[in-house]
Amino acid sequence: MEEQKVVQYGTTVIPFSLRRSDRSTLAITVQPDATVHVTAPLHAEWHKIESRVLKRGRWIRKQQQFFETFLPATPVRTYVSGETHLYLGKQYRLKILAGSSPSVKLKSGRLMVTAPDNANTDHVKQLLGAWYKQHAEKRFEKALRHAMPLFRKYPINLPEITVKRMQKRWGSCQPDGRIILNPEIIKAPSRCIDYVVIHELCHLVHHNHGSEFYRLHDKVMPDWRRWKEKLEKVMS
Ligand SMILES: [Zn+2]
């Protein structure tokens, strides 16, 4: 059984799910969707659980802030001419044209979408989504090819990239060594994409966010924090 609880940590409220289990110690985890999960011994008293969570408050907030980088914000789009859309860190104005063969082209600083019925915003959205995905696939492969030599001292194989829209993350690394990337990051500057790819490659070496993971991250991309911040800013 799971209960929803909160603790007040300074000025921040930390909500978490509490599960009781037949174990002797208390465990706290922060999931990639920034949710906090606590597993406590069956008969642990609430004030003890509370004080343990508070004691780890700083660590919890740090984990959450880290994962929050990967939580995409989705601005409302209407898919009409004049609206701006991001591509590789730049804003492009949409121009929607009527034409029998559907297409999307980046031309003279504009995103030109041609659709048989240019007032059909669902179709425009679909065409644009497919265009982004196609370009994301190419750009992500390129980022991966550029990043791999940084890892030549580590026993990792060239991973397969899957481009998949995810609700709450920019990238993830699968136990089978596959890397899943959110096509949304094609909207960010190139180095932000490199950052996400490199972050996931570091996970092929270290599967957690421990100190060795960060040491490697700093080594292969010393300025990664700058691109992480930029990514957060662009996507928010
Ligand atoms: Zn990570």
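**Close-up views of a predicted model**

**Figure 1. Leu 88 in the loop between S5 and strand S6.** Leu 88 sits in the loop that runs between S5 and strand S6 (90-98). The coordinates shown here and in the other figures are those of a predicted model. Although Leu 88 is not a glycine, its phi is positive, at about 45°. Leu 88 counts as partly exposed because it has 16 C-beta neighbours inside 10 Å, which lies between the limit of 12 or fewer for exposed residues and that of 20 or more for buried ones.

**Figure 2. Tyr 79 in the loop between helix H2 and strand S5.** The loop in this view lies between helix H2 (57-68) and strand S5 (84-87), and Tyr 79 is part of it. The phi angle of Tyr 79 is near 55°, again a positive value in a residue other than glycine. Is Tyr 79 buried or exposed? Tyr 79 is buried, because 20 other C-beta atoms lie within 10 Å.

Figure 3. Cys 173 belongs to strand S10, which spans residues 171-173. With 17 other C-beta atoms within 10 Å, Cys 173 is partly exposed. Which residues does Cys 173 touch, not counting those up to four places away in sequence? They are Ile 179, Glu 200, His 203 and Leu 204. For Glu 200, which is 27 residues from Cys 173 along the chain, the separation of the two C-alpha atoms is 5.8 Å.

**Figure 4. Packing of helix H3 against helix H4.** Helix H3 covers residues 121-147 and helix H4 covers residues 190-205. The two pack at an angle of about 60°, and their axes are 9 Å apart. H3 and H4 are therefore oblique to each other. The crossing of H3 past H4 is right-handed. On the H3 side the contact is made by Arg 139, Phe 140, Ala 143, Leu 144, His 146 and Ala 147. On the H4 side it is made by Ile 193, Asp 194, Val 197, Ile 198 and Leu 201. Sorted by class, the contact of H3 with H4 has eight nonpolar residues, one polar residue and two charged residues.

**Figure 5. Packing of helix H4 against helix H5.** Helix H5 (residues 211-220) packs with H4 at an angle of about 135°, with the axes 10 Å apart. That angle makes H4 oblique to H5. H4 passes H5 in a crossing that is right-handed. H4 contributes Ile 198, His 199, Cys 202 and Val 205 to the contact, and H5 contributes Phe 213, Leu 216, His 217 and Val 220. How many residues of the contact of H4 with H5 are nonpolar, polar and charged? There are six nonpolar, two polar and no charged residues.

**Figure 6. The protein chain as context for the close-ups.** The protein chain is divided into domain 1, residues 2-68, and domain 2, residues 84-235. The centres of the two domains, taken over C-alpha atoms, are separated by 32 Å. Six helices and 11 strands are present in the protein chain. Along the principal axes, the C-alpha atoms fill a box of roughly 70 × 45 × 30 Å. Of the 236 residues in the protein chain, 23% are buried. Among contacts with a separation of 6 or more, 46% join residues 24 or more positions apart.

Key: Residues numbered from 1 in each chain as written. Predicted model: local features only at pLDDT ≥ 70, side-chain atom pairs only at ≥ 80, totals over all residues. Domains from an automatic or database assignment. Helix = DSSP H or I, 4+ residues; strand = E, 2+ residues; numbered from the N terminus. Contact = placed C-beta atoms within 7 Å. Axes fitted to C-alpha atoms, helices over the stretch in contact; angles between N-to-C directions. Parallel < 35°, antiparallel > 145°, perpendicular 65-115°, else oblique. Left-handed = near helix turned anticlockwise from the far one by under 90°. Nonpolar A, V, L, I, M, F, W, Y, C, P; charged D, E, K, R; others polar.
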